[in-house]
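I wanted to see how the pieces of this assembly sit against each other. These are my notes, in the order I looked things up.

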Amino acid sequence: MIKAGIDVGAKTIKVVLMEDGKIRGKGKVLSGFDQEESAKEALEQALMEAQLSREAIGIIVTTGNGRKAISYATDDVTEARAAALGAVFLYPSARTVIDVGAEEARAIKCDSSGKVLDFAVNEKCAAGSGAFTEAMARALEVPLEELGPLSLRSTQTIPMNAQCTVFAESEVVSLIHSKTQKADIAVRRVGLEPELVLIGGVAHNPGFVESFKRTAELDNVRTAEDPEFVGAIGAALAAGE
Amino acid sequence: MIANYGYKDGSGEYFIGIDTDKCNGCGDCVPVCPAKVLEMVADQYDPLSDKIVAAVREEERKKIKYTCAPCKPASGRALLPCMLACAPGAIAHSW
Amino acid sequence: MAEIQEYWRWTEYSWHHPEMDWRQGKRIAAGIDVGSVSSQALVLVDGQIFAFSNLRTGSNSPDSANNAIKTALKDTGMEIKDLQYTVGTGYGRVNVPFANRAITEIACHARGANFMAGPKVRTVLDMGGQDCKAIHCDERGKVTNFLMNDKCAAGTGRGMEVMADLLSIPIKDIGDLSFQVDEEPQPVSSTCVVFAKSEALGLMRSGWSKNMVLAAYCSAMAHRVSLLLGRIGVEDQFFITGGIAKNPGIVKRLEQELGIQAVKSQHDSQIAGALGAGLFADTLLQKGAQ
């Protein structure tokens, strides 16, 4: 049976199709105004990749902040649960998962089965979320994808005074420095377990990953491949339970 | 005077309050803080007095949520070293 | 860029006493408040306000301080060398080249509010360009409890500027326009200015008028500030300093939320910091400071 996981995020919607523990197809579109419509589009993308028809899908489970908005879903799971399941599926030794998305950051401690033991979340403040890096990319007039590589080319670390995204926009022009602290604190709140995996769209930014390793004083930090899809994978896995 | 050092952001309020009327200037709180958050300075908020009191260092004020976090785990929380060290009970944390 | 930025602009000006002969004065004290957005210079002669200016802060603090004092002293015949004692305050207080001493803006705002609104003032709220301060003070204007939030743009003048830019509305009109709605909407739910921006755009897309969005934003800001004030306790009388005191959209909603009226003063709310600094300079002169 084909299981679909849909992660309805603040900025993008990710879909993963799974069969017998294998990923068959993926789809990603901007959330836009109508989340349900966008989710359909992402689903079609994934079906196209998997060369399957809509009828092949046996069960649909959603996650993400818009997880209740999809009327044709069979079930939904929390973001923390989906992230832990997805991360442990990809990296069985993962015990701490850091998920930095467009509008929130969360740290999750889990066991070997992907069960959530503890988690902390920041969703009220744009500092330490993808919105921060987007604003910085705009202020610096560089494409978002280049912000991370660009930051790695810097020769010195200049700490920024401003924590707030709005204040940082006015301060940033001469400074290129990735933001790590929110994720860092979330980790300290849940406690550090040896195997740590970074997921969520911001994990694409190598500047953030480097800076995070330095601040958290950790070397064994893994970045998930296709980090933004981990939640959707977790949702698809939850469908099997 | 109660000086509240810290901030409020979307995630909550994080203030360390120091009652300068209770603070006797002994400085016992400074070395016990693992993150070196506190210092002894002339009371900046009463410019006409010369009293030396405890204060949160300027560069720490916008990040105490993070800096103080190791002393405040989500579970298994013990009494804070800064508060234990303060005999007159002049230090309070808002979170 | 230029035409977007115009929306947050406000008027700069200076004032000096038309009759006072400063050369007869015994004590000439000055306060310079170099804030993150605006700078004020104020001169006291024997404890009376003689002259002041209110300008935008430039990119560099020493220049802003020099500009402010020169503007205040324009046409008075007084020069910087005539100032016997000068106190710097505000964000750029340590960078005032001609200051004898720097004093925190918390202490200065309390002292200034005490002068502007009288000794009965116990609670002072200063909403500045990049911070928000809640101060409790005694009858001499001495700080008894305070907190300052300069980490987050929500609840600051900068947050209001962002909204002015987003909606293309001059910042001075925001307060009045926010009352031109059929009914008071729910406050915006996001605290963070960045998220509030996307929320505002979403509300506009779903058919809200600009005035409705302003009303929702002003009431969210008033609510946030009232929570901050709640931490130190609001005690009558209550006085608001800083640029936001000029925005009735915030002030009236805040008064409603707190159930207390703010004291009105004849003085410009933005000079409170510089006035407090000048008063400290004057006191220090009387105590024989050099």
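Predicted model: local features only at pLDDT ≥ 70, side-chain atom pairs only at ≥ 80, totals over all residues.

**Entry 1: chain B against chain C**

I started with the strands and found that strand 1 of chain B pairs with strand 9 (residues 143-149) of chain C, in the parallel sense, over three bridges. Two strands count as paired if DSSP finds at least two bridges between them. Strands are DSSP runs of E with at least two residues, helices are runs of H or I with at least four residues, and both are numbered from the N terminus. Within this pairing, B:Ala3 has C:Phe146 of strand 9 of chain C as its bridge partner.

Residues are numbered from 1 along each chain as its sequence is written, chains are lettered from A and ligands numbered from 1 in the order in which they are written, and side-chain values use heavy atoms, with hydrogens and water left out.

Next I looked up the contact, meaning heavy atoms within 4.5 Å. It takes in 21 residues of chain B and 28 residues of chain C. Together the two chains bury about 2100 Å², with 57% of it on carbon and sulfur atoms. Buried area here is the accessible area (1.4 Å probe) that two parts lose on being put together, summed over both.

How many salt bridges are there between chain B and chain C? I get two, using the rule of a side-chain nitrogen of Lys or Arg within 4 Å of a carboxyl oxygen of Asp or Glu. I looked at the salt bridge where the side chains of B:Asp46 and C:Lys142 meet, at 3.5 Å, N to O.

Polar contacts came next: eleven residue pairs between chain B and chain C, both residues at pLDDT 80 or more. Such a contact is a pair of N or O atoms within 3.5 Å; within protein, one must be able to donate a hydrogen and the other to accept it, and residues adjacent in sequence count only if both atoms are side-chain atoms. On the chain B side, strand 1 (2-9) and strand 2 (12-19) are the elements that give two or more residues. Strand 1 of chain B has the largest share, eight residues. By class I noted ten nonpolar, five polar and six charged residues on that side. For the classes, Ala, Val, Leu, Ile, Met, Phe, Trp, Tyr, Cys and Pro count as nonpolar, Asp, Glu, Lys and Arg as charged, and the others, Gly among them, as polar.

**Entry 2: chain A against chain C**

I counted 14 residues from chain A and 15 residues from chain C in this contact. The buried area is about 1200 Å², 69% of it on carbon and sulfur atoms. A:Phe33, A:Val166 and A:Phe167 supply 45% of what chain A buries against chain C, more than any other three residues. Helix 5 (residues 165-171) of chain A gives the most to the chain A side, with four residues. That side has seven nonpolar, four polar and three charged residues.

**Entry 3: inside chain C**

The domain assignment, which is automatic or from a database, gives chain C a domain 1 (2-110 + 271-286) and a domain 2 (119-262). Their contact takes 14 residues from domain 1 and 21 residues from domain 2. The two domains bury about 1400 Å² between them, 68% of it on carbon and sulfur atoms.

Strand 3 (residues 38-45) and strand 4 (residues 48-56) of chain C run antiparallel, joined by eight bridges. C:Ser38 has C:Arg56 in strand 4 as its bridge partner.
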